[in-house]
Amino acid sequence: MERAAGKELALAPLQDWGEETEDGAVYTVSLRRQRSQRLSPGTGPGSTQSPSPAAHTFLHYRTSKVRTLRAARLERLVRELVSGDREQDPGFVPAFLATHRAFVPTARVLSLLLPPPPPPLPPGVQIRKTQGRDLSFNKNLRAVVSVLGSWLRDHPQDFRDPPAHSDLGSIRTFLGWAAPLGAEAQEAEKLLGGFLEEAEQEQKEEEQPQSWEGPPRAAQIPRPDSPVGCLEEEEGPLREGPELLDFSVDEVAEQLTLMDVELFSRVRPCECLGSVWSQRDRPGATGTAPTVRATVTQFNTVTGCVLGSVLGAPGLAPSQRAQRLEKWIRIAQRCRELRNFSSLRAILSALQSNPIYRLKRSWGALSREPLSTFRKLSQIFSDENNHLSSREILSQEEATEGSQEEDAAPLGSLPSKLPPGPIPYLGTFLTDLVMLDTALPDMLEGDLINFEKRRKEWEILAHIQQLQRRCQNYCLNPCLPILAALRTQHQLSEEQSYRISRVIEPPAASCPSSPHIRRRISLTKRLSAKLSRERGSSPGGSSRDPSSSTSSLSPASPPSSPRIKDPPPGSPPASPGPQGPSTKLPLSPDLSGPRSLALPLSGLHIPFSGQQGSEARIIRVSMDNDHGNLYRSILLTSQDKAPIVVQRALEKHNVAQSWARDYQLFQVLPGDRELPIPDNANVFYAMSPAAPGDFVLRRKERTQHTTSNSPT
């Protein structure tokens, strides 16, 4: 195909062609268009004539066939690691190594990947070696060694299995005869030495006697029967040393950023997978995803510090409490300048929580400038557009990374310009991965592993790894007094925070004129656009988050909603505050309360082949019990009736030996209203389509009465 320059056909460089089945594996076939410029006659390399004008230049297109593995059995997937064409499918190996733990143990992969050792040579026979590699080192062995090198380098924790580290031992044995002097063997030895050193260090710490200073502050929360008892606890013995807000805004924000950098850099991307993170609350899974749980703990600690400092002194005048609100807003703004979106989200979540948001007199004492700053920062994580603003800003921050590194400040000094980063809010990635795990099946027809699902997960994990590498360039030094103040800051429970808030400002005086912001939680556009883009993307995938897009927003100027004006100085901020007495945070798996600000997974429409996009959606169901208010995501189709949905919800919440007929489903509507779903109704059509897809599951009253009177 030839066409004059300037009249190039507007065709996609990669077009879907169909599927092929080969030896029990399903491949996605695409056609790739490659352009090569062809000069007009007489202007070749050996010609003495000057190049002709662009009008006489032709564009030549070549079309090549590209195959990417979509689904196969485990044995075929492992074989593809060695024999696959990396030029056609460069994303297969990294995607498999990053996500394999979701569907197969590491030991099983090694048993299929590592070939047996060769038979011993007869006595006196030796094989010459060239650069440390046997002459019998064939192509397949080179491919296996290459895969192991990538695995050891990119995912070393996959081989951590104390005390013997048997999987790493198998690799060392193989490399001992296949590539004894190669870099891969040295990497394996170095990794084993690191594991043994860590074990020795842990053993020494356990043997050292430690003075017990009592449980953490968060665990020392009393359970008063009245608000007066709560106040007495708050006005108890004074802490030694300065409080957190006694330090400057820059110092507090930098220390929060330093802790977030360390925790985010340690996150294992595979622990963020939906199939792993969703199992964190199952019995016996307390050790699941420890690096992600560490970020959750830090997130809740920061939020608790905000609640404790603002509500911890009930006797303050509104103007004094407004000073604390203003300082936290300034700290949040400084976190924004440091590109620390994790602590920024934690501070905003606390300020938007109902115990603080309802304090009308305190917010009214704030001046216009901090209120405007708070409103603009709140729009970054606005649920109204499903955190699209934060995604756009994050993408914009990454685009400016190169110029920021050049202007980085020297070590130990306060940077005058934006530092490296950014540090993302991890809940955004957890949301995407949970959605993918819920929406896409693990297995396809014929007991084939759905590897296309793993590719989509890998694109998000690769984005996390990319951000982790960029966070290594922060130059911040720890400040022990601030870290100590952060650790000793009094933590308030969810119920206690709301009780203190009602004492500070009784309900009759709290926010009757506050603007009511409807929290629309819908991910329809985001995931539908994501899946559609991924269908037309390169087979190798991209290391960028598919849900992130470029934006014209300035990194230094958070976006503001054009529909919300600056509030007057005497009114509370127009932030998307919750509607119930809750401070539960998006990442927290442990806190409990009557209402949750959980990950926004509702309202998600998933298009399936042969179906319209409106025939299925993801809903969130919580249990009405005393064990918290955790949501579980469930795929709801237009064929599902209430008993089936209830049974799925019970299984998701690990409720053993329960009958669906003993529970009733309610849809949570705006304004603290609920819509009961009849027992035999089709949930898809019985629910309100305009409301978020949040549901609560309650045991029926007659069942509760019968259960309470039954002998134990």
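The legends below describe several close-up views of a predicted model of one protein chain.

**Figure 1. The chain as a whole, with its 25 helices and 14 strands.** The chain has 712 residues, and buried residues make up 49% of them. A search of the whole structure for disulfides, each of which would be a covalent bond between the sulfur atoms of two cysteines, finds 0 of them.

**Figure 2. The largest nonpolar core, which has 118 residues.** Leu148, Trp328, Ile331 and Ile347 are the residues with the most contacts inside this core. Helix H10, which covers residues 290–311, gives the most to the core, with 9 residues. At least three residues of the core come from domain 1 (23–37 + 60–117 + 139–196), and at least three come from domain 2 (249–399 + 419–504).

**Figure 3. The surroundings of tryptophan 328.** If residues up to four places away in sequence are not counted, tryptophan 328 touches Leu244, Leu245, Cys305, Val306, Ser309, Val310, Ile347 and Leu351. One of these neighbours, cysteine 305, has a relative accessibility of 0% and therefore counts as buried, since the limit for a buried residue is under 20%. Cysteine 475, by contrast, is partly exposed, with a relative accessible area of 31%.

**Figure 4. A second, separate core of 20 residues.** Among the residues of this core are Ile619, Tyr663, Ala681 and Val683.

**Figure 5. An edge-to-face pair formed by phenylalanine 174 and tryptophan 177.** A pair of aromatic rings is described by the distance of the centres and the angle of the planes. The structure holds 10 aromatic pairs. In the pair of phenylalanine 174 and tryptophan 177, the ring centres are 5.2 Å apart and the planes stand at 85°, and because an angle over 60 degrees counts as edge-to-face, the pair is given that name. Both residues lie in helix H5 (residues 166–178), where they are 3 residues apart and so are separated by about one helical turn. Phenylalanine 174 is buried, with a relative accessible area of 3%, whereas tryptophan 177 is partly exposed, with a value of 22%.

**Figure 6. An edge-to-face pair formed by phenylalanine 684 and tyrosine 685.** The two rings are 5.2 Å apart from centre to centre, and there are 80° between their planes. Phenylalanine 684 is buried, with a relative accessible area of 14%, while tyrosine 685 is exposed, with a relative accessible area of 59%.

**Figure 7. An aromatic cluster of four phenylalanines.** Phe92, Phe96, Phe103 and Phe451 together form this one cluster.

**Figure 8. Arginines placed over aromatic rings.** Arginine 67 lies over the face of tyrosine 27, at 3.9 Å from the centre of the ring. In another place, the charged end of arginine 661 sits over the ring of tryptophan 659, and the distance to the ring centre is 4.6 Å.

**Figure 9. Leucine 371 in helix H15.** This helix covers residues 368–380. Leucine 371 has a relative accessibility of 0% and therefore counts as buried. In sequence, leucine 371 and glutamate 326 are 45 residues apart, and in space they are 8.3 Å apart, C-alpha to C-alpha.

How values were computed. Residues numbered from 1 in each chain as written. Predicted model: local features only at pLDDT ≥ 70, side-chain atom pairs only at ≥ 80, totals over all residues. Heavy atoms only, no water. Disulfide = S-S within 2.5 Å. Buried < 20%, exposed > 50% of the residue type's maximum accessible area, 1.4 Å probe, protein only. Phe/Tyr/Trp six-rings, centres within 6.5 Å; stacked < 30°, edge-to-face > 60°. Helix = DSSP H or I, 4+ residues; strand = E, 2+ residues; numbered from the N terminus. Lys NZ or Arg CZ within 6 Å of the ring centre and 35° of its normal. Core = buried A, V, L, I, M, F, W, Y, C linked by side-chain atoms within 4.5 Å. Domains from an automatic or database assignment. Contact = heavy atoms within 4.5 Å.
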